[in-house]
Amino acid sequence: MAWRSRRLWHITMVDGLIGSSRFYSSNSKVDLKRLRPMILKRIEQRGKDYPVKGMVPVAQDVLRNRGLLIQGVSTLLKVVPVWACKFCPEVYIGEQGHLIKTCHGYRRRAKNQVHEWISGKLTDILVPVETFHLDKMFQGVITHHQRFDFDRVPAVIELCWQAGADPNDINLNPSQWDLESVGSGITGAESLSPGDLGLVARGTFMAWEALRSGVQKLLMVYPAKVCNHCSEVHVGPSGHKARLCGVFKFESWRGSHFWKKAGVDDLVPPKLVWYRRPQDPLVLLDEGRGFYGHAPAMVDLCVKAGAIVPPNYLCMMKMNGNSAPA
């Protein structure tokens, strides 16, 4: 009796699975040649919905805050000392560089070395992220042999351009596109009083927060991609096919990118640095690296210039943490 029950259950399950499955005939093939014009027409019509009118003011505010941010950082760099490692991307903000052994050398040929510090510049605080400038948002995918046919522009400007803002408007973007060609900031910054310098620092930090908030809003409407293995960014519905990744040694310069959805940190990198608290020694030592905090370079620069420490960064900066044992 038990055997018959198991037999009936097996037949019922098999019949149910077979009945619920779908069988496709080999004769019912899809004619891709007939579907191709329909697909291309739908892609062209998709571009009619962009740019979204409601996001144009957001893109304009992003460009305006970008110009204020560049001008503010250029001014603060005249007063606050910034150091950059000669052999790696490490940056430190303070009277002199730290002694923490985190340098990996040129092309990561060395590990756990002391940094060799040189004077920092604007691009050490505001990391430039460039992307291909598209003629129109929904265009053909850029192939590898077309990589020199398109200009490289800052990713934030490309995002704002696709969102309907005019990057050539002098009222929105008073600074140059290239950070290397930016002016020297406010004239006479060295003679500013602590109060005036604090106002510049607070305005610069507000521009930084507004820029990141605006970019986050734009990314909710406009697509952007970032490579999963490198920092390459592409603003558009699909990534390009330029083989420039080089994540695998055997691929060298011919590596293809592995695209995923980009976030705010991909277009506006925070550039984390070691943060020296009041309870820390004047020069950060390697023995106490487990006790020191971190902060985005922009936040550390503004705080050292007189801005108030933002509450949402207190945990990262370990403001109330213990100091390293002597």
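I take buried to mean under 20% relative accessible area. The model I am working from is predicted.

**Entry 1, His-234.** I looked up His-234 and found it in strand β7, which spans residues 233-235. His-234 has 3% relative accessibility, so I log it as buried. A polar atom of its side chain lies 3.0 Å from the backbone oxygen of Ser-238. I then listed contacts of His-234, leaving aside neighbours within four places in sequence: Thr-131, Leu-134, Ile-142, Ala-224, Lys-225, Gly-239, His-240 and Trp-259.

How many disulfides does the structure hold? I found zero. Cys-227 is in no disulfide, and the nearest cysteine sulfur, that of Cys-230, is 3.5 Å away. The cut-off for a disulfide is 2.5 Å between the sulfur atoms. I also checked accessibility: Cys-227 is buried, with a relative accessible area of 3%, whereas Cys-315 is exposed at 72%.

I followed up Leu-267: not counting residues up to four places away in sequence, Leu-267 touches Val-129, Ala-155, Val-156, Leu-159, Val-215, Leu-219, Val-233 and Ala-262.

Is Gly-255 buried or exposed? I read 0% relative accessibility for Gly-255, so it counts as buried. Gly-255 is in the loop between β7 and β8, the latter being residues 259-261. I looked up one C-alpha separation: Gly-255 and Ala-242 are 13 residues apart along the chain, and their C-alpha atoms are 8.5 Å apart.

I traced an open sheet of three strands, ordered β2-β1-β3, with antiparallel pairing. Why do I call β2 (91-93) and β3 (117-119) edge strands? Each has a single partner strand, so one side of each is left without a neighbour in the sheet. Ignoring direction, neighbouring strands in this sheet are turned by 35° against each other on average. Between β1 (residues 82-85) and β3 I found three bridges, in the antiparallel sense. Cys-85 stands opposite Trp-117 in β3.

Terms used
Residues numbered from 1 in each chain as written. Predicted model: local features only at pLDDT ≥ 70, side-chain atom pairs only at ≥ 80, totals over all residues. Heavy atoms only, no water. Helix = DSSP H or I, 4+ residues; strand = E, 2+ residues; numbered from the N terminus. Buried < 20%, exposed > 50% of the residue type's maximum accessible area, 1.4 Å probe, protein only. Polar contact = N/O pair within 3.5 Å; in protein donor to acceptor, adjacent residues only side chain to side chain. Contact = heavy atoms within 4.5 Å. Pairing = 2+ DSSP bridges. Axes fitted to C-alpha atoms, helices over the stretch in contact; angles between N-to-C directions.
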